[in-house]
Amino acid sequence: MFIEQLPNWVRRLYPGVKWREDATSKVIYLTFDDGPIPEVTPWVLDVLDRYEIKATFFCVGDNVRKHPEVYQEVLRRGHRVGNHTFNHLRGFEIGCSRYVENVHKASEWIESDLFRPPHGQLRYAQLDALLPEYRIVQWDVISRDYNGKLKPEKVLNIVKRYARNGSIVVFHDSIKAEKNMKFALPKALDYWIKQGFTFRTLE
Ligand SMILES: [Zn+2]
């Protein structure tokens, strides 16, 4: 379906943006957005440890400010982090300079050359302003775990159905996504491992 896996013509509208890694190797790139928060992020870290998987966490700067110990734990366990703005801004609703300012504010808390725009929203001016500084990453598969109207089984089916070689898959370590993500993540990992996939942090 359109939302879970955007067609190539949409992806091509954003030159320079990463949607998928190498399609020839059986590797999945797990990403977790919107944390770090003490209610959910440690649970994700424990699951990933159990499977010996490293992932990439796109952190909201203000959450890092509020929960530095959770952020440090993400790093300590060997995961990669990325910038997801300081206030989780919607790019379509805000001018370029304020947007970039907010990204830079987040960079005072998050040391990374990776950036993912919240809600996938990025205007061309914002893209142009950020591309020299950041590797901008969208996704190949979005789990829609944040959607409370979806049953956890549906979220699991989405990621199982759409993930493929080189997929960048999005989950959320957020309160909104907690129920769906906690159900879907371990089952999806079991499924992918059985299929022979391995997992890496974003390049
Ligand atoms: Zn987000």
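Residues are numbered from 1 along each chain as its sequence is written, and side-chain values use heavy atoms, with hydrogens and water left out. Because the model is predicted, local features need pLDDT of at least 70, side-chain atom pairs count only at pLDDT 80 or more, and totals for chains, interfaces and linings use all residues.

The zinc ion has three kinds of entry to report: donors, spacing and location. Its protein donors are Asp-34 through OD, His-84 through NE2 and His-88 through NE2. Donors are N, O and S atoms within 2.8 Å of the metal (3.2 Å for Na, K and Ca); water is not among the atoms, so sites may look incomplete. Along the sequence, the donor residues follow the pattern D-x49-H-x3-H. Asp-34 and His-84 link distant parts of the chain, 50 residues apart. Asp-34 sits in the loop between strand E1 (27–33) and helix H2 (41–51). His-84 occupies the loop between strand E3 (80–83) and helix H5 (96–107). Helices (H or I, at least four residues) and strands (E, at least two) are DSSP runs, numbered from the N terminus. Both Asp-34 and His-84 are buried. Buried means under 20% relative accessible area, exposed over 50%, and partly exposed in between (1.4 Å probe, protein chains only).

Side chains of opposite charge can pair when their charged atoms come close. A search of the whole structure finds 14 salt bridges. Each is a side-chain nitrogen of Lys or Arg within 4 Å of a carboxyl oxygen of Asp or Glu.

One of them joins Glu-4 to Arg-144, at 3.0 Å from N to O. This pair spans 140 residues. Glu-4 lies in the segment before helix H1 (8–11), and Arg-144 in the loop between strand E6 (141–142) and helix H7 (152–162). Both residues, Glu-4 and Arg-144, are buried.

Arg-11 and Asp-140 also meet in a salt bridge, at 2.8 Å from N to O. Arg-11 belongs to helix H1, whereas Asp-140 is in the loop between strand E5 (135–136) and E6, 129 residues apart. Arg-11 counts as buried because its relative accessibility is 8%. Asp-140 counts as buried at 0%.

Glu-21 pairs with Lys-18, the closest N and O atoms being 3.5 Å apart. Glu-21 is buried, with a relative accessible area of 4%. Lys-18, at 26% relative accessibility, counts as partly exposed.

Salt bridges also form a network. Its members are Asp-46, Asp-49, Glu-73, Arg-76 and Arg-77.
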